[in-house]
Amino acid sequence: MGASLNTGFKKAKVQPEMNVTPLVNVVLVLLIIFMVLAPVMAKSFWVRLPPKDDKEEQLDQANDPDKPLVLSVAADGKTAINKIEVDRAELTDKLTRMFNARPDNSLYLDAADDTEYGMVLGAVDLARGAQAFPIVILTSKPE
């Protein structure tokens, strides 16, 4: 820090002056660092996502909010959502995802006449896990 002394007849006062040289040096060093790092930070990277299944695309196309969502249970226990076969292990997740795209969580249940009662109840339990309410049991196919 520098100081200047007045040489006059009055009392000598010390007037401090700020030395800005170290401040300028620090700012220039930071400027150089940021100029060097800017291209490195702007680099992008690619992410490989797992490919979508054909069933996923079919379910997305079949999930029209204007049409009812129908859960079908075949006689051998296979389940299908809007005529697209879905494994029972994935049924809750698929229904949850489909209900998120709909204003209501109503589900129509269509079971074959010769399906075991336990198979139908198992499908209903899985649908309840996806927050399906109400579940309407069909006696005839919806349009």
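This is a predicted model: local features need pLDDT of at least 70, side-chain atom pairs count only at pLDDT 80 or more; totals for chains, interfaces and linings use all residues.

I counted 4 helices and 7 strands in the protein chain; helices are DSSP runs of H or I with at least four residues, strands are E runs of at least two, and both are numbered from the N terminus. From the N terminus on, the order reads β-β-α-α-β-β-β-α-β-α-β.

Residues are numbered from 1 along each chain as its sequence is written, and side-chain values use heavy atoms, with hydrogens and water left out.

Next I checked burial: 24% of the 143 residues count as buried (under 20% relative accessible area; exposed is over 50%, partly exposed in between, with a 1.4 Å probe and protein chains only).

Then I looked at α4. Its 13 residues (117–129) should span 18 Å at 1.5 Å a residue, and the end C-alpha atoms are 19 Å apart, which agrees; the expected span is 1.5 Å times one less than the number of residues.

Which residues of α4 are buried? They are V120, A123, V124 and A127. They cover an arc of only 100° around the axis, which puts them on the same side of α4 (the arc is that of the directions from the helix axis to the C-beta atoms). On the face turned away from the buried side, I found G118 and D125 exposed.

Last, Q131 follows α4 and has a positive phi, near 65°.
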